[in-house]
Amino acid sequence: MRIEPSRRRVVGGHRGGPPRPPRRPARLRDRRGRGLRAPLLPPSVPAWNSRSDEFDAVALEAFAEIDASWHDQISELDIAVDEIPRLLPRDPETVQWPDEVTADGAVPLARLIPAGIDVHGLPTRAQIILFRRPLESRAKKGTELLELVHEVLVQQVATHLGVDEDVIDRGPE
């Protein structure tokens, strides 16, 4: 924790003299040479990656199979990851999501934003947004999370292309 110096300044200085220059903040960290001298983990070990980095890798792996089969049809589709959904229902009992949202009850897991025009009049690309925290809370790490993310991506790509989800898993005919 770093403590910022006070922003108040005494006008006129001490006993009516000229203003004093601002004080330099005291060094609170690494006192007496006992601080952290090097990173705890080298960048080559798996623990170096953050949770969001690991989830990004899972999302790319889950999307790779779909992209291999449907690359020509989804080349204009972007995949994004957001921490939490910004669209929660007010009444979780009677919630009904549109086709563009994949949800587990009242909690959205992913959302498809179709291509359109932004506020500046420029065209935008279609985008699938995966919500990391809800997906991670519903599956353990590893293959279970990979399967869940793949299932959600299949639903979203099927909605984007306007086809059945089974068609996405089989590949284009």
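Guide: Start with the contacts. Take those between residues at least 6 apart in sequence: 54% of them join residues at least 24 apart. One caution: this is a predicted model.

Visitor: Which strands form the open sheet, and in what order?
Guide: Four strands, in the order β1-β6-β3-β2. The pairing is mixed.

Visitor: Which ones stand at the edges?
Guide: β1 (77–82) and β2 (101–104). Each has a single partner strand, so one side of each has no neighbour in the sheet. From one strand to the next, the twist averages 15°.

Visitor: How do β3 and β6 run, and how many bridges join them?
Guide: They run antiparallel, joined by four bridges. β3 covers residues 107–113 and β6 covers 126–131. In this pair, I113 of the chain stands opposite Q127 in β6.

Visitor: And β2 with β3, how many bridges there?
Guide: Four bridges, and these strands run antiparallel. A103 stands opposite P108 in β3. The hairpin of β2 and β3 has two residues between the strands. G105 takes a positive phi there, near 70°.

Visitor: Let's pick a residue. Where is T102?
Guide: In strand β2.

Visitor: Buried or exposed?
Guide: T102 is at 7% relative accessibility, so it counts as buried. The cut-off for buried is under 20%.

Visitor: What is T102 in contact with?
Guide: Leaving aside neighbours within four places in sequence, T102 is in contact with P108, L109, A110, V152, Q155 and Q156.

Visitor: Tell me about Q155. How many residues apart are T102 and Q155 along the chain?
Guide: They are 53 residues apart along the chain, with 7.3 Å between their C-alpha atoms. The two side chains also make a polar contact, at 3.3 Å.

Visitor: New topic. How many residues has the largest nonpolar core?
Guide: It has 26 residues. Those with the most contacts inside this core are I66, L130, L135, V149, L153 and V157.

Visitor: Which elements give two or more residues to it?
Guide: α1 (51–70), β3, β6 and α3 (143–161). α3 gives the most, with eight residues.

Visitor: What does L130 contact?
Guide: Neighbours within four places in sequence are left aside here. L130 is in contact with several residues, including F55, A59, I79 and L109. Also among its contacts are L135, V149, V152 and L153.

Visitor: One more residue. Where is R132?
Guide: In helix α2, which covers residues 132–138.

Visitor: Is R132 buried or exposed?
Guide: Buried. R132 counts as buried because its relative accessibility is 5%.

Visitor: What does R132 touch?
Guide: Not counting residues up to four places away in sequence, R132 touches R51, S52, F55, V81, D82 and E83. With E83 there is a polar contact between the side chains, at 2.5 Å.

Visitor: Last thing, the whole chain. What share of it is buried?
Guide: Buried residues make up 23% of the 173 residues.

How values were computed
Residues are numbered from 1 along each chain as its sequence is written. This is a predicted model: local features need pLDDT of at least 70, side-chain atom pairs count only at pLDDT 80 or more; totals for chains, interfaces and linings use all residues. Side-chain values use heavy atoms; hydrogens and water are left out. Two strands pair if DSSP finds at least two bridges between them. Axes are lines fitted to C-alpha atoms, for helices over the stretch in contact, and angles run from 0 to 180 degrees between N-to-C directions. A nonpolar core is a set of buried Ala, Val, Leu, Ile, Met, Phe, Trp, Tyr and Cys residues joined through side-chain atoms within 4.5 Å. Buried means under 20% relative accessible area, exposed over 50%, partly exposed in between (1.4 Å probe, protein chains only). Contact means heavy atoms within 4.5 Å. A polar contact is a pair of N or O atoms within 3.5 Å; within protein, one must be able to donate a hydrogen and the other to accept it, and residues adjacent in sequence count only if both atoms are side-chain atoms.
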